Amino acid sequence: MLLLGCIKEVSAYELALSLPNGLSGFVPVTQISDAYSKLLSKQVAQGELLQELHSLPDMFSPGTLVRCIVSSIEKSDDGRRSVKLSIDPKKVNKGLNATALAAGMLLSGSVLSVEDHGYLIDIGVTGSHAFLPLQKAKNYIKAVKKGPDLKIGQNLNCLIVEVKNEGRVVSLSIDRSEVAAAIATEKQNWALSNLLPGLVVKARVQKVAPLGMKVTFLSYFTGIVDFMHMDPEKSMSYSPDQVVKACVLSVHPTSRVVRLTLRPPFLHGGGAPRQLPGQRLGAVLEEATVKAFYKQFGAVFELDDGTLGFARLKHLSKTRKSFKPGAFKEGCKHKCRIIDYSLMDEMCIVSLKHQVIEAQFLQYQDIHTGDVVQGKVLSLKPIGMQVKVADGIRGLVPSLHLSDVILKQPEKKFNIGDEVKCRVLECNPEGKKLILTLKKSLVQSKLPVLSHYEDAKPGLITHGFVVCAREFGCIVKFYNDVKGLVPKNELGSEPVSCPEKVFYEGQVLKVMVLKCEPQQERLLLSFRLSSKPGSEDKWKCTPREKQEVKYQIGEIVDVKILKKKDNGLEVSILEGEDNVVAWIPTQHLSDFVATSKLLWHCLREGDVLPGVMYLSDKGEHIILSRKSAVISAVQEEQVVRSFSEIQPGMLLTGYVRNVMPFGVFVEFPFGVTGLAPKVSMSDKFVTDTKDHFVVGQTVIAKVMSIDEEKQRVLLNLKVSECSSGDSAAESFDLLNQYFKELKEIRQLLKRGEPSICEMVPGKRMHLVVQDVREDGSALFSGSSVTGFTVTATRYHLGDKNVAPGEKRKVFVLHVDALTSEVYVSLREELLKQRP
């Protein structure tokens, strides 16, 4: 069956459509078009994001009319039926063939590909090639505001402008004024086999009846206009032989019944029905007047604002037995509630049922984080318990939240159908996601609900639950996924040596907010409720108020190390008298990841580091960088200071900010970031992204493309693509910098570990075999290598058989200063080489 529908909701995986007569259906993401389905399959096969594949919200907007065909009607476990639809032009236009196409026809199309001067459009007609010139699409693109171009899979209302070669070549327009003026005529030779919903026609009234009227159109077609689809302004004034403008709503394939509408918004192509004001949904009306009662369907009411509302038969009373037809005579008044709105009928759907009128929630939008709700247990699964909160509203209680303590056998405590009292942890109306908790400590808590970082003021005391206990402290979660850290020194009045043994996952505790940075979504907490807020010694470097000195990004400063911390150095800038405190993350000590760790290991508190660059000022502390390549890029102005300066083809020096399964995020000086997708990460085939890059690594990236609307930058990190031309010179510069830093490290090591400086690759010495391992490798010892682990692999023992206690001459291959490991060889070809 072919229908005209109106998009009600758009999610990542489906479109929810409003259909005529208060019905609704959904279009799965696989039923958009052939071209879109192929892109989806390609993305799944490659396991990475495709640039040309856009999400449904990027292409579709609520309130848009679309032609659709019923694919199937599925029945759920609770007896409800759901209508599955398709908007694929091949299915919607299956009744059309190339010879039937004529200029002036209005039909559905879908973008097949983007070309230089326009778009190839799939109109679902075998043997026809349809083209949409750019000029005919400009106004439409500007009006829908979905980006500078049409996207593959985008559904369009297409007007045929010209037909050539017996329908093999078709020229289209989607210009709004041209589409709006289109009217189906006899000349276009429409047949019942290919008649499409959405066509606007001139119809002649044949017969007027209480439930609607019969009309004729396009010379020999007969159609029906339901009572819901007469123009409300003129519903009482229709008469036989009157000529009216009408729009085809649906075409039934077997009964051949054609239904039409006379409602004004549908009477020009590309129109949009009126929306219901948001505050009206869920409104309770004390007096709604019966306009008409139809014993097979329901009743039509006039609402308090003069608009019409329709109540289905089952919503007129609690049960069929309690239904009294006499109460629904014209003029009778009833209390009702607006429970839905049918876009296709431009009519409110109301209910007279007492339990619906009194219901606390009707839709996900009515539920707020922190609300206490009653629910009924629907099912128990390994991930948690499904709870019915109201008709059409379901929530999940994760297994962690079934009780204050972890339940090993929840089925012993809960039964299907049990009434439970829950509290809302998280509610996302767009995604219809509702997360609940049954923890009594949270459900009964009278303390404030912390659901936004902005609400976390120092001194606030509230309830939270532990999600992680480690040696550094506890991570505590609140509502709406807000979470914070309780550092080890704030776990209690007495020191806690092993937090993981004291605290457990899911434990509900009172916590006090010490400090919050809403923009960074960082929260510092304490279990010591009596302590005053402000124990921030280990939280940040120096409060911002004390740091009035301003630096420009790219400014070079000298610094003195104040404190060595696990992930970097706290330093003081040696300029002026203010001693401004700043931070050098470990990965910003060098362009080379291994060297960064070595430098951190060798440096001491009190050391002075010259030539460090001011990188950024995020939140309350200044971040500095010592990466030579990044400093050079800034000094030579090979940088972009804002998104607007980025151009495809640019080579930019940056550093890896995050490594994800689908690609690598790279940050550049001045804060611009971009994504290198998996396919553009390496010249080698990438299976696991973490095998190729690590956070903090310096990289040169080539800009592939930019999306100005979404402020996105796509990058290429392939070495073959990211060279400025003289790759040999670039490589020698990098190597030179590497050896320069190694020399610096050697000087630093001489202060504390002079023996390691004497251990250099190429050195020959005599050592004693200490042990021979099962894998064939050997361990050595000697007075010159005290404190080192000296190893030779099976290969580097050559053809010699060694035994513990033997003295052998060895050749030093590599020295790992960080782990104090030395790798040696006994192979003759190395020992014979001249020093």
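**Strand pairing and cysteines**

Modeller: In this predicted model, G473 has P487 of β28 as its bridge partner.

Colleague: What makes β27 and β28 count as paired strands?

Modeller: Pairing requires at least two bridges between the strands, and β27 (residues 473-477) and β28 (residues 483-487) share five bridges in the antiparallel sense, so the two strands meet the criterion. The hairpin they form has five residues between the strands, where N480 takes a positive phi near 60°.

Colleague: How do you know which residues carry the label "domain: S1 motif"?

Modeller: The label comes from an unreviewed UniProt entry, which lists several spans, among them 282-353 and 459-528. In the model, residues 282-353 are 0% helix and 50% strand, with end C-alpha atoms 13 Å apart, while residues 459-528 are 6% helix and 50% strand, with end C-alpha atoms 11 Å apart.

Colleague: How do you know how many disulfides there are?

Modeller: Two cysteine sulfur atoms must lie within 2.5 Å to be called a disulfide, and by this rule the count is zero. For C332, the nearest cysteine sulfur belongs to C336 and is 14 Å away, so C332 is in no disulfide. For C348, the nearest cysteine sulfur is again that of C336, at 9.0 Å, so C348 is likewise in no disulfide.

Terms used
Residues are numbered from 1 along each chain as its sequence is written. This is a predicted model: local features need pLDDT of at least 70, side-chain atom pairs count only at pLDDT 80 or more; totals for chains, interfaces and linings use all residues. Side-chain values use heavy atoms; hydrogens and water are left out. Helices (H or I, at least four residues) and strands (E, at least two) are DSSP runs, numbered from the N terminus. UniProt positions are given in the numbering used here, feature names are shortened, and annotations may be inferred rather than shown by experiment.
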